[in-house]
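Keep the sequence and the model in view while reading.

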Amino acid sequence: MFKTIALESVEKDMILDKPILNNFGQVLLGAGVTLEEKHIRLLKTWNIAFIDIEDATTPDEDGGISDELIVAAMQEIKLRMDWQPRHPLEENLFQMGVLTLAESKMKSNA
């Protein structure tokens with residue numbers, strides 16, 4: 001199981017679930033890499049906003065973003081934009097927007 005997190009939340013010793021690719025599809029860091037401080041600095045240099053890490057916990061255990069907040073954020077973004085992703089990179093951009101909005105709503109409710 002994996003969890004998508006914002007770069008600001010990345011910590012040393014987290015393990016990548018999926019490889020990180022550049023805009024040309026080249027692998028920057030492979031799946032299974034245990035992140036070190038140097039990797040986190042490089043991710044910032046590469047302007048990587050979100051990564052997928054291995055996560056053995058369930059959403060209820062880790063206090064993550066609830067499914068309800070994700071759905072609400074997705075609906076809000078769809079209301080604001082008359083746009084459908086046509087490419088996997090556009091879909092990733094849409095998902096990043098949803099996660100960012102949901103996380104912001106979660107923090108404002110706390």
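On one side of helix H1, the residues Arg41, Lys44 and Thr45 are exposed. The model shown here is a predicted one. Which residues of H1 are buried? Within this helix, which covers residues 37–45, the buried ones are His39, Ile40 and Leu43. Viewed down the helix axis, the buried residues of H1 fall within an arc of 100 degrees, so they line one face of the helix.

What do the buried residues of H1 pack against? Their partners are three strands: E2 (20–21), E3 (27–29) and E4 (50–54).

Histidine 39 belongs to helix H1. Its relative accessible area is 11%, and buried means under 20%, so histidine 39 counts as buried. When neighbours within four places in sequence are left aside, histidine 39 is in contact with Leu29, Val33 and Thr34.

Leucine 43 also has its place in helix H1. Is leucine 43 buried or exposed? Leucine 43 is buried, and its relative accessible area is 0%. Not counting residues up to four places away in sequence, leucine 43 touches Leu7, Ile20, Leu29, Ile48 and Ile51. The C-alpha atoms of leucine 43 and leucine 28 are 9.0 Å apart in space, while the two residues are 15 residues apart in sequence.

## Two residues with positive phi

Most residues other than glycine have a negative phi. Asparagine 47 is not a glycine, yet has a positive phi of about 60 degrees. This residue comes just after H1, and asparagine 47 sits in the loop between H1 and E4. With a relative accessible area of 67%, asparagine 47 is exposed.

Where is aspartate 13 found? Aspartate 13 lies in the loop between strand E1 (2–6) and E2. Aspartate 13, too, has a positive phi without being a glycine, and the value is about 80 degrees.

Phenylalanine 2 is part of strand E1. Its relative accessibility of 38% makes phenylalanine 2 partly exposed. Leaving aside neighbours within four places in sequence, the contacts of phenylalanine 2 are Asp17, Lys18, Asp52, Ile53 and Asp55. Phenylalanine 2 and lysine 44 are 42 residues apart in sequence, and their C-alpha atoms are 21 Å apart in space.

The loop between E1 and E2 holds lysine 12. Lysine 12 has a relative accessible area of 46% and is partly exposed. With neighbours within four places in sequence left aside, lysine 12 is in contact with Leu35, Glu36, Glu37 and Ile40. Ile40 is one of the buried residues of H1. How far apart in space are lysine 12 and serine 104, C-alpha to C-alpha? The distance is 24 Å, and the two residues are 92 residues apart in sequence.

## The chain as a whole

The secondary structure of the chain consists of four helices and four strands. Read from the N terminus, the order of these elements is β-β-β-α-β-α-α-α. The radius of gyration is 15 Å, close to the 13 Å that the globule rule gives for 110 residues, so the chain is as compact as a globular protein of that length. Along the principal axes, the C-alpha atoms fill a box of roughly 40 × 35 × 25 Å.

Of the 110 residues in the chain, 25% are buried. Among contacts with a separation of 6 or more, 59% are between residues 24 or more positions apart.

## Surface and charge

The accessible surface of the chain is about 7,700 Å². Carbon and sulfur atoms account for 53% of this surface. How many positive and negative side chains does the chain have? There are 11 positive and 19 negative side chains, and the centres of the two sets lie 7 Å apart.

Terms used. Residues are numbered from 1 along each chain as its sequence is written. This is a predicted model: local features need pLDDT of at least 70, side-chain atom pairs count only at pLDDT 80 or more; totals for chains, interfaces and linings use all residues. Side-chain values use heavy atoms; hydrogens and water are left out. The radius of gyration is taken over C-alpha atoms; the globule rule is 2.2 Å times the number of residues to the power 0.38. Buried means under 20% relative accessible area, exposed over 50%, partly exposed in between (1.4 Å probe, protein chains only). Contact means heavy atoms within 4.5 Å. Accessible areas come from the Shrake-Rupley method with a 1.4 Å probe; for residues, only the protein chains shown count as cover. Lys and Arg count as positive and Asp and Glu as negative; His and the chain ends are not counted. The place of a charge is taken as NZ of Lys, CZ of Arg, CG of Asp or CD of Glu. The arc is that of the directions from the helix axis to the C-beta atoms.
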